[in-house]
Amino acid sequence: VQLQASGGGLVQAGGSLRLSCAASGLTFSRYAMGWFRQAPGKEREFVVGISWSGGNTYHADSVKGRFTISRDNAKNTVYLQMNSLKPEDTAVYYCAADKGPGVVSWGYDYWGQGTQVTVSS
(Lines give C-alpha, C1' and ligand atoms only; values in the text may rest on other atoms or scores of the structure.)
Protein backbone atom coordinates (compact mmCIF):
# COMPACT_ATOMS: atom_id res chain seq x y z
CA VAL A 1 0.00 0.00 0.00
CA GLN A 2 1.25 3.45 -0.90
CA LEU A 3 -0.23 6.82 -0.02
CA GLN A 4 1.47 9.69 -1.84
CA ALA A 5 0.65 13.13 -0.47
CA SER A 6 1.42 16.26 -2.46
CA GLY A 7 0.46 19.90 -2.75
CA GLY A 8 2.15 21.38 0.27
CA GLY A 9 4.11 24.58 0.18
CA LEU A 10 4.55 28.08 1.55
CA VAL A 11 1.55 30.39 1.69
CA GLN A 12 0.69 33.64 3.40
CA ALA A 13 -1.86 33.80 6.18
CA GLY A 14 -5.34 33.96 4.72
CA GLY A 15 -4.32 32.02 1.65
CA SER A 16 -5.33 28.60 0.37
CA LEU A 17 -3.72 25.31 -0.53
CA ARG A 18 -5.08 22.05 -1.87
CA LEU A 19 -3.44 18.82 -0.82
CA SER A 20 -3.84 15.57 -2.70
CA CYS A 21 -3.19 12.00 -1.64
CA ALA A 22 -3.01 9.30 -4.28
CA ALA A 23 -3.50 5.76 -3.04
CA SER A 24 -2.38 2.49 -4.57
CA GLY A 25 -2.22 -1.12 -3.52
CA LEU A 26 -5.60 -1.14 -1.79
CA THR A 27 -9.27 -1.16 -2.68
CA PHE A 28 -9.60 2.56 -2.17
CA SER A 29 -13.40 2.64 -2.10
CA ARG A 30 -13.35 0.31 0.93
CA TYR A 31 -11.24 2.61 3.06
CA ALA A 32 -12.15 5.66 5.04
CA MET A 33 -9.50 8.33 4.61
CA GLY A 34 -8.12 10.97 6.91
CA TRP A 35 -5.69 13.83 7.14
CA PHE A 36 -3.46 14.37 10.15
CA ARG A 37 -0.80 16.94 10.89
CA GLN A 38 2.24 17.29 13.09
CA ALA A 39 3.77 20.61 14.00
CA PRO A 40 7.34 20.91 15.31
CA GLY A 41 7.52 19.82 18.94
CA LYS A 42 3.92 18.65 18.99
CA GLU A 43 2.14 15.34 18.71
CA ARG A 44 0.43 14.32 15.51
CA GLU A 45 -3.23 15.35 15.53
CA PHE A 46 -6.31 14.41 13.57
CA VAL A 47 -7.51 17.09 11.16
CA VAL A 48 -10.39 15.66 9.13
CA GLY A 49 -11.74 12.34 7.88
CA ILE A 50 -14.12 11.08 5.23
CA SER A 51 -16.09 7.86 4.96
CA TRP A 52 -15.43 5.40 2.17
CA SER A 53 -18.47 6.61 0.23
CA GLY A 54 -17.66 10.25 0.79
CA GLY A 55 -21.03 10.77 2.38
CA ASN A 56 -19.78 11.57 5.87
CA THR A 57 -16.99 13.78 7.12
CA TYR A 58 -15.67 14.75 10.53
CA HIS A 59 -13.53 17.79 11.25
CA ALA A 60 -11.40 18.79 14.18
CA ASP A 61 -12.77 21.95 15.78
CA SER A 62 -9.66 23.89 14.83
CA VAL A 63 -10.35 23.56 11.09
CA LYS A 64 -14.15 23.60 10.90
CA GLY A 65 -15.37 26.04 8.31
CA ARG A 66 -11.91 26.38 6.76
CA PHE A 67 -10.83 22.92 5.61
CA THR A 68 -12.81 20.59 3.33
CA ILE A 69 -12.04 16.96 2.60
CA SER A 70 -13.26 15.20 -0.51
CA ARG A 71 -12.46 12.07 -2.44
CA ASP A 72 -12.63 10.69 -5.95
CA ASN A 73 -12.91 6.92 -5.78
CA ALA A 74 -12.45 6.64 -9.53
CA LYS A 75 -9.02 8.27 -9.17
CA ASN A 76 -8.08 6.67 -5.85
CA THR A 77 -7.41 10.13 -4.50
CA VAL A 78 -8.43 12.14 -1.45
CA TYR A 79 -8.14 15.91 -1.30
CA LEU A 80 -7.84 18.51 1.42
CA GLN A 81 -8.87 22.04 0.49
CA MET A 82 -7.46 24.45 3.05
CA ASN A 83 -8.75 28.01 3.08
CA SER A 84 -8.17 30.96 5.41
CA LEU A 85 -4.88 29.44 6.49
CA LYS A 86 -3.30 30.57 9.75
CA PRO A 87 0.30 30.38 10.95
CA GLU A 88 -0.81 27.76 13.48
CA ASP A 89 -1.75 25.48 10.58
CA THR A 90 1.95 25.10 9.81
CA ALA A 91 2.80 21.40 10.02
CA VAL A 92 3.62 18.28 8.07
CA TYR A 93 0.33 16.92 6.76
CA TYR A 94 -0.18 13.19 6.43
CA CYS A 95 -2.92 11.23 4.73
CA ALA A 96 -4.02 7.91 6.15
CA ALA A 97 -6.33 5.03 5.27
CA ASP A 98 -8.62 3.08 7.59
CA LYS A 99 -10.24 -0.18 6.52
CA GLY A 100 -13.87 0.42 7.22
CA PRO A 101 -16.83 2.46 6.11
CA GLY A 102 -17.10 5.10 8.79
CA VAL A 103 -15.06 8.14 9.69
CA VAL A 104 -12.63 7.65 12.55
CA SER A 105 -10.05 9.90 14.20
CA TRP A 106 -7.64 7.16 15.30
CA GLY A 107 -6.49 3.66 14.51
CA TYR A 108 -5.65 4.16 10.85
CA ASP A 109 -4.03 1.25 9.05
CA TYR A 110 -1.80 2.92 6.48
CA TRP A 111 0.05 6.24 6.36
CA GLY A 112 1.59 8.42 3.68
CA GLN A 113 4.94 10.17 3.87
CA GLY A 114 3.68 13.68 4.59
CA THR A 115 3.83 17.03 2.86
CA GLN A 116 5.01 20.27 4.49
CA VAL A 117 2.62 23.20 4.80
CA THR A 118 4.07 26.48 6.00
CA VAL A 119 1.87 29.52 6.63
CA SER A 120 3.66 32.82 7.05
CA SER A 121 2.21 35.71 9.03
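User: What should I keep in mind before I start?

Analyst: In this predicted model, local features need pLDDT of at least 70 and side-chain atom pairs count only at pLDDT 80 or more, while totals for chains, interfaces and linings use all residues. Residues are numbered from 1 along each chain as its sequence is written, and side-chain values use heavy atoms, leaving out hydrogens and water.

User: How many disulfides does a search of the whole structure find?

Analyst: A disulfide is a pair of cysteine sulfur atoms within 2.5 Å. Here the search finds one: Cys 21 is joined to Cys 95, with 2.0 Å from S to S. The link is right-handed, with 55° about the S-S bond. Cys 21 sits in strand E3 (residues 17-24) and Cys 95 in strand E9, so the pair ties together parts that are 74 residues apart in sequence. Strands (E, at least two residues) and helices (H or I, at least four) are DSSP runs, numbered from the N terminus.

User: Is Cys 21 buried or exposed?

Analyst: Buried means under 20% relative accessible area, exposed over 50%, and partly exposed in between (1.4 Å probe, protein chains only). Cys 21 counts as buried because its relative accessibility is 0%. Cys 95 is also at 0%, so Cys 95 counts as buried.

User: How many salt bridges does a search of the whole structure find?

Analyst: A salt bridge is a side-chain nitrogen of Lys or Arg within 4 Å of a carboxyl oxygen of Asp or Glu. The search finds four. One of them pairs Arg 66 with Asp 89, whose closest N and O atoms are 2.7 Å apart. This pair links distant parts of the chain, 23 residues apart: Arg 66 is in the loop between strands E6 (57-59) and E7 (67-72), and Asp 89 is in the loop between strands E8 (77-82) and E9 (91-99). Arg 66 is buried at 10% relative accessibility, and Asp 89 is buried at 0%. Through shared partners, salt bridges join Arg 37, Glu 45, Arg 66 and Asp 89 into one network. Within it, Glu 45 bridges to Arg 37 at 2.6 Å between the closest N and O atoms.

User: Which residue has its backbone nitrogen reached by the side chain of Thr 115?

Analyst: A polar contact is a pair of N or O atoms within 3.5 Å; within protein, one must be able to donate a hydrogen and the other to accept it, and residues adjacent in sequence count only if both atoms are side-chain atoms. The side chain of Thr 115 reaches the backbone nitrogen of Gly 8 at 3.2 Å. Thr 115 lies in strand E11 (residues 115-120) and is buried at 11% relative accessibility.
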